[in-house]
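Biologist: Can you walk me through this one? Start with any term I will need.

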Amino acid sequence: MTTYILRRLLTSIPVLLGILFVTFALARLIPGDPCRAILGEKATDVICDEFIRRHGLDKPIPTQFIIYVKEILHGDLGTSIRLGKPVTELLVERLPTTLELSLAAMTFSILIGIPLGIISAVRHNSAIDVGTMVLANVGVSMPVFWLGLMLAYIFALVLKGTPLQLPPSGRLSPGLMIPPFYDVWGWQLGKEGFVKSLFVFISQMNVINSLLIWRMDLLWDALKHLILPAVAVGTIPLAIIARMTRSSMLDVLGQDYVRAARAKGLPRGMVVIKHALRNALLPLVTIIGLSFGAFLGGAVLTETIFGLSGVGRIMYDSITARDYGVVQSFTVVIAVFFVILNLIVDISYTFLDPRVRLD
Amino acid sequence: MAALKEESIEKRPKVARLEAEGLRTTESISFWGTVWRRLFRRKSAVVGLWILAFLVLIALTADWIAPYDPVQVLIGVEPVKMRQKPCIHLLGCPEDQPQHIMGIDGNVRDQFSRILYGARLSLLVGLSTVTFAIIIGTFLGAIAGYLGGVVDNVIMRFMDVLLAFPSLLLAIAIVTILGPGLINALLAIAIVSIPTYARVTRATVLSVREMDFVEASRAMGGGWGYILFGRILPNSLTPLIVTGTLGIATAILDAAALSFLGLGAQPPTPEWGTMLGAERNQVFTAPHLVFFPGFAIMLTVLAFNLLGDGLRDALDPRLAQRGEE
């Protein structure tokens with residue numbers, strides 16, 4: 001097991017290096033002089049010479065690449081020219097919002113998608129099945145940004161005054177603030193350092209933070225703000241998960257051992273959940289893992305709509321402000337995250353299906 | 001009718017002879033005939049085909065059926081206001097007001113005409129990106145699969161790297177560098193989708209190259225270029241057709257997303273994503289300007305998804321037996 005994980009980690013290294021190379025190459029492909037591309041009108045010859053020297057752009061390309069990799073390995077992701085802050089700091093500030101949104105979307109799509117898929121498979125060709133599949137097809141075809149806008153319109157304006165009204169923007173109602181859990185617990189944290197960053201990171205996730213300080217009013221407010229964006233981001237994965245569950249379950253339900261389990265008198269529900277679902281899970285885990293890319297892509301589009309200041313929003317703002325460093329660094333971070341996630345998915349196979357041989 | 005029958009009998013003398021001898025004959029059906037028949041048996045695929053036919057018709061006839069020029073500003077031409085609600089005479093809109101069935105947009109243009117022209121652009125976007133990606137992806141995948149060894153490793157590891165990025169984010173990064181614009185956005189989406197086609201082609205080429213007819217070609221002295229592109233590739237096309245059809249749906253969705261972010265088609269181009277992006281802050285005051293473009297995108301993507309799913313089921317020999325039940 002350990003050897004397998006180690007080997008998978010080792011084989012990920014070329015892919016990770018490739019990711020760094022692609023982002024490095026992309027930055028070098030900016031047409032024209034990078035100094036003028038980044039600094040714009042402020043760029044004079046003197047400033048540019050200094051800029052080129054400082055960023056090592058006068059060195060040969062392979063040397064530049066090595067410096068770039070070295071910097072990233074040391075956790076230096078560069079600086080945002082627009083905000084004058086290190087990208088790592090921005091990451092600690094912004095990633096929790098996106099992570100919270102992605103997790104909420106994932107929970108939503110799994111909690112609804114899997115049961116829908118199971119019901120469709122068990123009641124194959126029934127009205128529920130046909131209805132689910134029609135909805136799944138429409139769901140897969142839905143542009144995330146459109147769905148987000150329409151949800152905001154329906155739940156914030158059309159349903160205004162009803163109990164179903166939901167806020168269309170922000171993470172908390174105006175005036176509300178969730179005190180960080182470490183302050184509430186009276187912990188003294190240093191000024192900087194990894195631990196402090198980690199705690200700040202966790203406290204930025206409103207749902208977790210309000211649970212940690214056990215404030216149900218704040219939790220409810222945070223959840224209410226999370227519902228619409230999470231539904232918008234989660235709809236496409238939900239549709240994919242429902243379809244996958246259905247076809248995977250249909251395959252398994254037709255097999256002999258399921259019939260045998262029924263024949264020996266086990267109740268239908270038990271056979272579906274304990275015998276069939278467990279074996280249908282394997283392709284599902286892959287799909288859910290791969291959907292995480294869709295969650296992140298969806299987050300870029302959704303955050304701009306719902307006024308959430310997460311990674312997606314900062315990517316969008318950096319694109320419009322031509323703050324390339326931020327776009328590049330966040331792309332690296334997300335891609336690396338994605339590779340690690342795929343690794344976890346691969347490893348989880350061995351737990352779900354002991355037949356999967358690790359070698 | 002009779003003439004037609006005579007002609008068809010003339011074309012198949014053997015059938016005619018057998019029938020003349022009083023034997024019952026059944027027409028033989030080609031592979032594509034079977035696929036076509038299976039496709040038409042699936043309701044969802046038929047729905048997809050109908051929607052697609054409808055969209056193609058709109059795209060082709062937009063010049064004639066659009067009531068206005070899609071970029072014409074109607075200030076001073078008609079008594080209309082900015083972001084005016086839809087006015088449909090049949091639904092009780094006063095006759096003295098000009099009819100705009102999808103309302104007026106933020107620049108006082110007819111939304112309906114813009115939506116119609118948008119169909120043309122979206123279909124072109126889908127087809128062109130996928131064609132580009134298929135040509136390059138198939139070429140790379142075919143070479144990797146056929147030659148194997150170092151070539152295979154280098155190509156496919158590079159594809160792995162491209163696949164490691166969430167596709168929309170990589171497309172965004174590429175357009176950021178190339179600069180915003182429809183052509184650059186298309187290029188970015190095409191580049192991002194190359195790995196999918198390379199993988200699919202490689203997998204099929206790997207299995208087809210072991211078949212006897214390939215061996216026969218090799219025995220007859222065919223060069224590798226001829227064997228690969230003349231013999232193997234034509235026999236590896238079916239999975240590509242399915243992936244390509246579903247790929248058009250993704251490409252249209254991604255192109256709309258890039259345009260929505262301001263990285264794709266630039267105003268005043270009547271592109272659905274751009275139209276939506278321009279009016280997104282008006283969703284509470286003028287929801288029709290957000291609803292119609294988004295609905296149009298969804299309908300187009302849905303059509304390709306339904307068709308792609310249908311084609312997959314029709315082409316899959318495993319499902320074929322089940323489908324015949």
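Modeller: A nonpolar core is a set of buried Ala, Val, Leu, Ile, Met, Phe, Trp, Tyr and Cys residues joined through C-beta atoms within 7 Å. Keep in mind that this is a predicted model.

Biologist: Okay. Which residues touch the most other members of the largest nonpolar core?

Modeller: Ala171(B) and Ile252(B) do, in a core of 165 residues.

Biologist: Which helix gives the most to that core?

Modeller: Helix H11 of chain A, residues 216–253. That helix supplies 18 residues.

Biologist: Back to Ala171(B). What is in contact with Ala171(B), leaving aside neighbours within four places in sequence?

Modeller: Ala188(B), Ile189(B), Val192(B), Asp254(B) and Leu258(B).

Biologist: New topic. How many residues does each chain bring to the contact between A and B?

Modeller: Chain A brings 38 residues, and chain B brings 38 residues. On the chain B side, helices H6, H7, H11 and H13 each supply at least two. H13(B) has the largest share, 9 residues.

Biologist: What classes are the residues on that side of chain B?

Modeller: There are 29 nonpolar, 6 polar and 3 charged residues on the side of chain B that touches chain A.

Biologist: Now H5(B) and H6(B). At what angle do their axes cross?

Modeller: Roughly 145°, and the axes come within 7 Å. The crossing is left-handed.

Biologist: Which residues meet there?

Modeller: From H5(B), Leu140(B), Ile143(B), Ala144(B) and Leu147(B). They meet Gly149(B), Val151(B), Asp152(B), Ile155(B) and Met156(B) in H6(B). That contact divides into 7 nonpolar, 1 polar and 1 charged.

Notes
Residues numbered from 1 in each chain as written. Chains lettered and ligands numbered in written order. Predicted model: local features only at pLDDT ≥ 70, side-chain atom pairs only at ≥ 80, totals over all residues. Contact = placed C-beta atoms within 7 Å. Helix = DSSP H or I, 4+ residues; strand = E, 2+ residues; numbered from the N terminus. Nonpolar A, V, L, I, M, F, W, Y, C, P; charged D, E, K, R; others polar. Buried ≥ 20, exposed ≤ 12 C-beta atoms within 10 Å, placed from the backbone. Axes fitted to C-alpha atoms, helices over the stretch in contact; angles between N-to-C directions. Left-handed = near helix turned anticlockwise from the far one by under 90°.
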